[in-house]
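Please read them with the structure open beside you.

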Amino acid sequence: MSAGTAIRARAAEPIRLLDEDGRIVETDENAEHHALAAQLSTDDRLAMHREMVATRAFDIEAGNLQRQGKLGLWVPSLGQEGGQVGAAWATRPQDTIFPSYREHLIALHRGVEMLQILDIFRGARHGGWDPLETQGMRIYSLVIGTHALHATGYAMGVRLDGRCGTGDAEADEAVVAFYGDGAASQGDASEGLVFAASYEAPVVFFVQNNKWAISVPSSRQSRFPLHERARGFGLDAAWVDGNDPLASFAVTRRMLDAARQGRPGYVEADTYRMGAHTTSDDPTRYRDDAEVEAWRRRDPIARMAAHLRELGVDDAALAAIGEEATEAAADVRRRMLAAGGPASDDIFDHVYSEPHPLMVEQKRALGEFEASFGDER
């Protein structure tokens, strides 16, 4: 593996391949990334659009379910689908992903079911899903920033186990940690950067700068751009238009393939949280309508749709994708409302990989306690 880390010059603008109207942006500076984006066929781009539309329909339905008392909480990702879909497509099957709690599109792309995500927020799961069944998609981390260390430690293990650094991008493993600008202010996130750089771990930190950590703007959290901060730790870093799926794909693919060779990276995706931080938040108390409207005009789904039209995809095909997404969201609503919850003692079955006498005893004790209530429960 290389002992050095490539440090790139400061960018005046985020890397962008599509403008707000879906037209190709070609400059000398983004030629490398256009070449990487060329790996995506028209069918690939249509599939990316389908994932964004499906995720948004699911997201809106989940918010409705929470308002109707069916979920304890919901964390929307409206407006952030562009960066997520690009990053999702940039990963390779052998990669491992450590999400926070807003990466719904990433989860769905890797094979997590919509109902599995909802089960977390309705309290029907004691954690999440089995990463062995979801292409290395780890469970959501609801504690801000801690998974930056989990991802870094795992990546250090990947290197020590010799599962990277061979020069074969189709086999070498890389790790991605997703978090937001608020989490970037946590000590855990900075510690992750220290260890990643020091051990040349095959990890990329994908930071979705959606401008607000609940009610604190990113401009107050850091007087210096986040990607520039990462360079100070010794990581290769890039600033990308997070509402441009093609740019997100190209930059993240480049970063991940470099990470496989021992050059950890950092991507700051310039995006915006269109909705609330969570359904317990009221964003109208701390941001103005003009700001929201300005970002609404940069909607990644509308941008991708315009790009697809330029490629010859007709409106009927795009409309069919919308109808398909609406039906999928309605279907998961029906299934969730019909689903029961887990038995209260299931939690004991998943603490250890093998039966453990302490867990067996605790499960028995809970069973006796619940039985003591008889029909009163």
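**Notes on helix α12 and other sites**

1. In α12, the residues that are buried are Pro-300, Ile-301, Arg-303, Met-304, Ala-305, Ala-306, His-307 and Leu-308. Please keep in mind that this is a predicted model. The helix runs over residues 300-310 and is mostly covered, with eight of its eleven residues buried.

2. What covers the buried residues of α12? The cover includes the helices α2 (42-67), α3 (81-90), α10 and α13 (315-338), and also the strand β6 (236-241).

3. Both ends of α12 deserve a look. After the helix comes Gly-312, which has a positive phi, near 105°.

4. Asp-19 itself lies in the segment before α1 (31-37). Is Asp-19 buried or exposed? Its relative accessible area is 17%, and the cut-off for buried is under 20%, so Asp-19 counts as buried. A polar atom of the Asp-19 side chain lies 2.8 Å from the backbone nitrogen of Asp-21.

5. Arg-260 is found in the loop that joins α10 (245-259) to β7 (265-270). Its relative accessible area is 0%, so Arg-260 is buried. The side chain of Arg-260 has a polar contact, at 2.7 Å, with the side chain of Asp-257.

6. The next point concerns a pair of helices. Two packed helices are described by the distance between their axes and by the angle between those axes. For α6 (residues 146-160) and α7 (residues 187-198), the axes come within 7 Å and cross at roughly 15°. Angles under 35 degrees count as roughly parallel, and therefore α6 and α7 are roughly parallel to each other. The crossing in which α6 passes α7 is left-handed.

7. Which residues meet where α6 and α7 are in contact? From α6 they are Thr-146, Ala-148, Leu-149, Thr-152 and Met-156, and from α7 they are Asp-188, Ala-189, Glu-191, Gly-192, Phe-195 and Ala-196. Sorted by type, the residues of this contact are six nonpolar, three polar and two charged.

Conventions
Residues numbered from 1 in each chain as written. Predicted model: local features only at pLDDT ≥ 70, side-chain atom pairs only at ≥ 80, totals over all residues. Heavy atoms only, no water. Helix = DSSP H or I, 4+ residues; strand = E, 2+ residues; numbered from the N terminus. Buried < 20%, exposed > 50% of the residue type's maximum accessible area, 1.4 Å probe, protein only. Polar contact = N/O pair within 3.5 Å; in protein donor to acceptor, adjacent residues only side chain to side chain. Axes fitted to C-alpha atoms, helices over the stretch in contact; angles between N-to-C directions. Parallel < 35°, antiparallel > 145°, perpendicular 65-115°, else oblique. Left-handed = near helix turned anticlockwise from the far one by under 90°. Contact = heavy atoms within 4.5 Å. Nonpolar A, V, L, I, M, F, W, Y, C, P; charged D, E, K, R; others polar.
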